[in-house]
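Subject: Structure handover

Hi,

Have a look at it first, then read on.

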Amino acid sequence: MPKNITIFTTNTCGYCVMVKKWLSAKGHAYEEVNLDTDPIRQQEAIALSGQLSVPITVVTKQDDTQEVVVGYNLAKLAPAVS
Amino acid sequence: MNDSTELHDVVMVGAGPAALAAALYTTREDIDTVLYEKGVIGGLAAITDWVDNYPGFPDGLAGLELADKLQKQAERFGADIRLGEVQKITNTGNLKEIETTDGLVRAKTVLIATGSDYKKLGIPGEEEYYARGVHYCATCDGAFYRDKKIVVVGGGNSAVQESIFLTKFASHIDLLVRGDSFRASEILQQELKKHSDKVTVHFNTSTERIIGKEGKVTEVQGHNSKSKKELSFAVDGVFVFIGLLPNTGFLKGSDIDLDDIGMIKTNESLETSMSGVFAAGDVRSGATMQIASATGEGATAALMIRKYLEPHA
């Protein structure tokens, strides 16, 4: 199990909804950073992912290493949170 | 496969408007219904900013909200929506074998409603700057372009609708339209005119190249077919809405016939060339690519599935 999960989202992003639904279905808690209500954290999101796109899911493992998954990509998300 | 493999009355591939409408009808008939969605529940509708042409909503509604309502209505009567991908459909006689990322399931009937995805331009720079300045989802990525200049490519409903949405963020939009007029509906064109302070429309303009520097998009080059002039737009990003491609890659090599552009051929009952396998919505050859038509086709497909299941029960 990861130590924690943070998702960067926007209000209108359908893929963000899917990441949240999937994590909830798998029993994972997460912290959400909404870039519409918290635009100051946009640079942090870009620095983490290198992309101008949401959702960005940051998975912090037990050993404090981080894995960043951009988009609703179950092939990457499932192993990242396992 | 053995007899203990899950067996359902109908497996639906996709959970966009067509499949969700079909599932509403089948579940109300007590037909055991499972849907597999590899992307967003609600399909392209869910990533569309605003839907103004779906009957029953006089003020329009957000695409995400419509998707949520369609999902809840289907689930209310027992639709089982699973987040996974269908990889192959095989006809084994009366039953179909469906390979999914979660394992094998069997079904008496299948509805393919995988919809479409946005086409790519296929020009230099497009792949290189994907998600770093080149985008296909305004509702996902528009927020990264606050007070920035962008290009939007396309002349249909999606391009105009999403340009209007992007005016919330961008300081200026150059809208590049290959033809000499819009294909978008008149009402959307009128709405776009209200944003003429922010949007400049360039007709007869093809998009030729996306240029960047240090990992960021800096310029889009185009060509005006009337003036024969090369054009350059200094921008931070590009959003592309140039039409749709059917999601039928997983059917390659199957017994399900596709038309010349990869859409699924069906008969008047919406049944494909594989008996017991139906298709509805944007993926079906002849589809009108409207949410209202997709839900209508979904309802029709559900009734055809019910009819098919009767003698096969």
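B:Ala22 touches B:Met12, B:Leu111, B:Ala113, B:Ala280, B:Gly298, B:Ala299, B:Ala301 and B:Ala302, leaving out residues up to four places away in sequence. Contact here means that the C-beta atoms of two residues, placed from the backbone, lie within 7 Å. Before you go further, please note that this is a predicted model, in which local features need pLDDT of at least 70, side-chain atom pairs count only at pLDDT 80 or more, and totals for chains, interfaces and linings use all residues. Residues are numbered from 1 along each chain as its sequence is written, while chains are lettered from A and ligands numbered from 1 in the order in which they are written.

The core

B:Ala22, B:Leu111 and B:Val238 touch the most other members of the largest nonpolar core, which has 114 residues. Helix 1 (residues 17-28) of chain B gives the most to this core, namely eight residues. At least three residues come from each of domain 1 (7-117 + 244-312) and domain 2 (120-240) of chain B. A nonpolar core is a set of buried Ala, Val, Leu, Ile, Met, Phe, Trp, Tyr and Cys residues joined through C-beta atoms within 7 Å. A residue is buried if 20 or more other C-beta atoms lie within 10 Å of its own, exposed if 12 or fewer, and partly exposed in between, with C-beta atoms placed from the backbone. Helices (H or I, at least four residues) and strands (E, at least two) are DSSP runs numbered from the N terminus.

Domains and chains

The two domains of chain B have bounds from an automatic or database domain assignment. The C-alpha centres of domain 1 and domain 2 of chain B are 32 Å apart. Where they meet, four residues of domain 1 of chain B contact seven residues of domain 2 of chain B. The domain 1 side of that contact in chain B has two nonpolar residues, one polar and one charged. For these classes, Ala, Val, Leu, Ile, Met, Phe, Trp, Tyr, Cys and Pro count as nonpolar, Asp, Glu, Lys and Arg as charged, and the others, Gly among them, as polar.

Between the chains, 19 residues of chain A are in contact with 21 residues of chain B. Helix 1 (residues 14-25) of chain A supplies the largest share of the chain A side, six residues. That side of chain A divides into twelve nonpolar, six polar and one charged residues.

Sheets in chain B

An open sheet of five strands in chain B has the order 10-17-11-12-13, with parallel pairing. Its edge strands are strand 10 (134-135) and strand 13 (199-202) of chain B, each pairing on one side only. Two strands pair if DSSP finds at least two bridges between them. Strand 12 (residues 172-176) of chain B is joined to strand 13 of chain B by four bridges, and B:Leu175 has B:Val201 as its bridge partner in strand 13 of chain B.

Helix 5 (residues 157-166) of chain B lies across strand 11 (149-153), strand 12, strand 13 and strand 17 (237-240) of chain B, and runs at about 165° to strand 11 of chain B. Axes are lines fitted to C-alpha atoms, for helices over the stretch in contact, and angles run from 0 to 180 degrees between N-to-C directions. Nine of the ten residues of helix 5 of chain B are buried, so this helix is largely enclosed by the rest of the structure. Among them are B:Val160, B:Ile164 and B:Leu166.

A second open sheet in chain B has three strands in the order 14-15-16, with antiparallel pairing. Strand 14 and strand 16 (230-234) of chain B are its edges. Strand 15 (residues 216-224) of chain B pairs with strand 16 of chain B over five bridges, and B:Gly222 stands opposite B:Leu231. B:Gly212 is found in strand 14 (residues 205-213) of chain B. B:Gly212 counts as partly exposed because it has 16 C-beta neighbours inside 10 Å.

Strand pairs in chain A

Strand 1 (residues 4-9) of chain A pairs antiparallel with strand 3 (residues 56-60) of chain A over five bridges. Four bridges join strand 1 of chain A to strand 2 (residues 31-34) of chain A, in parallel.

Best wishes
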